Amino acid sequence: QASHLAQMAWTKCILSAAYVAITELLQVEIKLIAVITLLIILDLISGLWASRLKHVPITSFRLRRTARKVYEYCVFLIAFTAVSNVFDWLAWVKMGAFAFVAITELKSVTENIFGEKAKVFEQILKLRSNFTNEKENK
């Protein structure tokens, strides 16, 4: 029991240190991190739900792929944030990197919910263009 509490305390310390390093040293917006985290959690939940509906076994290998994806996103975002902080004229790079990750995760969530063949984004764009065309014709 005591070793478990000590392990939890060390885990909290390490996570807190990582949080401080990311937010303070790299000056990352906490709202961007929260959005990406929420999308990753939604992707995980919707992926588990889709696997269950398709009767696909949920294996540790597939769960490790999610953990690896989170690690790769962190490295990607930290690298682009560092570049944008070093070179002021590349400030847009950080937002582009966060947008890329967010769109990728959002697309993954929609594929999990509506199926991989569903063209949700294309349908949204088509609806928007139809709405714009109708508005211009009036």
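Modeller: Of the 138 residues in the protein, 22% are buried. Buried stands for under 20% relative accessible area, exposed for over 50%, and partly exposed for what lies in between, with a 1.4 Å probe and protein chains only. The model is predicted, so local features need pLDDT of at least 70 and side-chain atom pairs count only at pLDDT 80 or more, while totals for chains, interfaces and linings use all residues. Residues are numbered from 1 along each chain as its sequence is written, and side-chain values use heavy atoms, with hydrogens and water left out.

Colleague: Why are α2 and α4 called roughly parallel?

Modeller: Their axes cross at roughly 20° and come within 8 Å. Axes are lines fitted to C-alpha atoms, for helices over the stretch in contact, and angles run from 0 to 180 degrees between N-to-C directions. Angles under 35 degrees count as roughly parallel, over 145 as roughly antiparallel, 65 to 115 as roughly perpendicular, and the rest as oblique. The α2 and α4 pair is therefore roughly parallel.

Colleague: What makes α3 and α4 roughly antiparallel?

Modeller: The axes of α3 and helix α4 (residues 91-114) cross at roughly 160° and come within 6 Å. Therefore α3 and α4 count as roughly antiparallel.

Colleague: How do α2 and α3 pack?

Modeller: The axes of α2 and α3 are 12 Å apart, at an angle of about 160°. That makes α2 roughly antiparallel to α3.

Colleague: Which hand does the crossing of α2 and α3 have?

Modeller: The crossing of α2 and α3 is right-handed. The crossing of α2 and α4 is left-handed, and α3 also passes α4 in a left-handed crossing. Left-handed means that the near helix is turned anticlockwise from the far one by less than a right angle, and right-handed that it is turned clockwise.

Colleague: Why is Asp43 called buried?

Modeller: Asp43, in helix α2, has 8% relative accessibility and therefore counts as buried.

Colleague: What does Asp43 form with Lys69?

Modeller: Asp43 and Lys69 form a salt bridge, with their closest N and O atoms 2.4 Å apart. The term asks for a side-chain nitrogen of Lys or Arg within 4 Å of a carboxyl oxygen of Asp or Glu. Asp43 lies in helix α2 and Lys69 in helix α3, so this pair ties together parts that are 26 residues apart in sequence. Lys69 is buried, as is Asp43.

Colleague: What links Lys69 to Glu105?

Modeller: A salt bridge links them, and its closest N and O atoms are 3.2 Å apart. Glu105 lies in helix α4 and Lys69 in helix α3, so the pair ties together parts that are 36 residues apart in sequence. Glu105 and Lys69 are both buried.

Colleague: How many salt bridges does the structure hold?

Modeller: It holds four. One of them joins Glu111 to Lys107, with the closest N and O atoms 3.2 Å apart. Glu111 and Lys107 both lie in helix α4, four residues apart, about one turn of the helix. Salt bridges that share partners join Asp43, Lys69 and Glu105 into one network.

Colleague: How do you know that Glu111 is partly exposed?

Modeller: Glu111 has a relative accessible area of 24%, so it is partly exposed. Lys107, at 33% relative accessibility, also counts as partly exposed.

Colleague: Is His55 buried or exposed?

Modeller: His55 has 72% relative accessibility and therefore counts as exposed. His55 is found in the loop between α2 and α3.

Colleague: What is phi of His55?

Modeller: Phi of His55 is near 60°, a positive value in a residue other than glycine. Most residues other than glycine have a negative phi.

Colleague: Where is Ile58 found?

Modeller: Ile58 is in the loop between α2 (30-53) and α3 (60-86). With a relative accessible area of 46%, Ile58 is partly exposed.

Methods. Helix = DSSP H or I, 4+ residues; strand = E, 2+ residues; numbered from the N terminus.
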